Amino acid sequence: FTGHTHRDEFNILYKNNKGTVEAKQIEDVINLPWITQAVTPWVENNPAWRYYEVDTDTFQIMDSLNYYTQLNETFASSDEPVWEFEYSARDVYEIDWPASSPLNATYWHLVYEKMRTNATTLQTYESLSKRFSPYVKDCSEGDVCTWDICYVSSYTTEEYTACMKANPHYVDGTS
């Protein structure tokens, strides 16, 4: 488990990492950190929190359930924040995964593969990463969200940089 990065995201650790996204194979998956989103709304994100369903025998994560509040609606009504259910990590990406299996790095590799090949899944990831704030990018506009693919498959800054160089059509997420 790691501290928050303000976005809701994940990274997968692979053995023998290479710069291209095509080089990331399921048999090379080692592990992943669980990175939580933040309650603080820094840089275009709605606040969020999550809790984990844990198998009490193995201590494996079986699901994460995420809640968020829409600041633009909270400020407009001056009410207290309303925490809404956002998603279940087991359900949101529609991965064929046994209910008795934990959401391990292999599961997240399948999510990554689906992000690479399915524009709707990539948009889902981008929308969840900012918790449906008004600043979520429209991933149908060229390669505006494809930098996420390098991010989730790169565990270090060096790997991310190599991935971006190997895939020059990816836009860095700041533009």
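Which residues does Y107 touch, not counting residues up to four places away in sequence? In this predicted model, the answer is A89, R90, Y93, I95 and W97. The legends below begin with the whole chain and then turn to close-up views.

**Figure 1. Overview of the protein chain, with six helices and five strands.** The model is predicted. From the N terminus on, the order of elements is β-β-β-β-α-β-α-α-α-α-α. Of the 175 residues in the protein chain, 47% count as buried. Among contacts with a separation of 6 or more, 55% are between residues 24 or more positions apart. The protein chain has an accessible surface of about 9100 Å², and carbon and sulfur atoms hold 54% of this surface.

**Figure 2. The largest nonpolar core, which has 27 residues.** Within this core, F10, Y93, Y107, W108 and V111 have the most contacts. Two or more residues are given to the core by each of α3, α4 and α5 (147–152). Helix α3 supplies the largest share, six residues. Two of the residues with the most contacts inside the core, Y107 and Y93, also touch each other.

**Figure 3. Packing of helix α3 (residues 105–117) against helix α4 (residues 119–129).** The two helices pack at an angle of about 115°, and their axes are 5 Å apart. The crossing of α3 past α4 is left-handed. On the α3 side the contact is made by V111, K114, M115 and T117, and on the α4 side by A119, T121, L122 and Y125. Sorted by class, the contact has five nonpolar residues, two polar residues and one charged residue. V111 takes part in this contact and is also among the residues with the most contacts inside the largest nonpolar core.

**Figure 4. T106 in helix α3.** T106 has a relative accessible area of 27% and is therefore partly exposed. Leaving out residues up to four places away in sequence, T106 touches I26, V29 and W97.

**Figure 5. D91 in helix α2 (residues 89–92).** The relative accessibility of D91 is 53%, so D91 counts as exposed. D63 lies 28 residues from D91 in sequence, and the C-alpha to C-alpha distance between them is 8.9 Å.

**Figure 6. R131 and F132, two residues with positive phi in the loop between α4 and α5.** Most residues other than glycine have a negative phi. R131 is not a glycine, yet its phi is positive, at about 55°. F132, also a residue other than glycine, has a positive phi near 55°. Is R131 buried or exposed? R131 counts as buried because its relative accessibility is 0%. F132 is partly exposed, with a relative accessible area of 39%.

**Figure 7. N45 in the loop between β2 (29–31) and β3 (48–54).** N45 counts as buried because its relative accessibility is 4%, under the 20% limit for that class. Apart from neighbours within four places in sequence, N45 is in contact with H6, R7, S129, K130, R131 and S133. One of these contacts, R131, is the residue with a positive phi of about 55° described in the previous legend. Y135 is 90 residues from N45 in sequence, and 7.7 Å separates the two residues in space, C-alpha to C-alpha.

**Figure 8. P134 in the loop between α4 and α5.** P134 has 54% relative accessibility and so counts as exposed. N46 is 88 residues from P134 in sequence, with a C-alpha to C-alpha distance of 9.0 Å. The loop that holds P134 is also the place of R131 and F132. R131 counts as buried at 0% relative accessibility, whereas P134 counts as exposed.

How values were computed: Residues are numbered from 1 along each chain as its sequence is written. This is a predicted model: local features need pLDDT of at least 70, side-chain atom pairs count only at pLDDT 80 or more; totals for chains, interfaces and linings use all residues. Side-chain values use heavy atoms; hydrogens and water are left out. Helices (H or I, at least four residues) and strands (E, at least two) are DSSP runs, numbered from the N terminus. Buried means under 20% relative accessible area, exposed over 50%, partly exposed in between (1.4 Å probe, protein chains only). Axes are lines fitted to C-alpha atoms, for helices over the stretch in contact, and angles run from 0 to 180 degrees between N-to-C directions. A crossing is left-handed if the near helix is turned anticlockwise from the far one by less than a right angle, and right-handed if clockwise. Contact means heavy atoms within 4.5 Å. Ala, Val, Leu, Ile, Met, Phe, Trp, Tyr, Cys and Pro count as nonpolar, Asp, Glu, Lys and Arg as charged, and the others, Gly among them, as polar. A nonpolar core is a set of buried Ala, Val, Leu, Ile, Met, Phe, Trp, Tyr and Cys residues joined through side-chain atoms within 4.5 Å. Accessible areas come from the Shrake-Rupley method with a 1.4 Å probe; for residues, only the protein chains shown count as cover.
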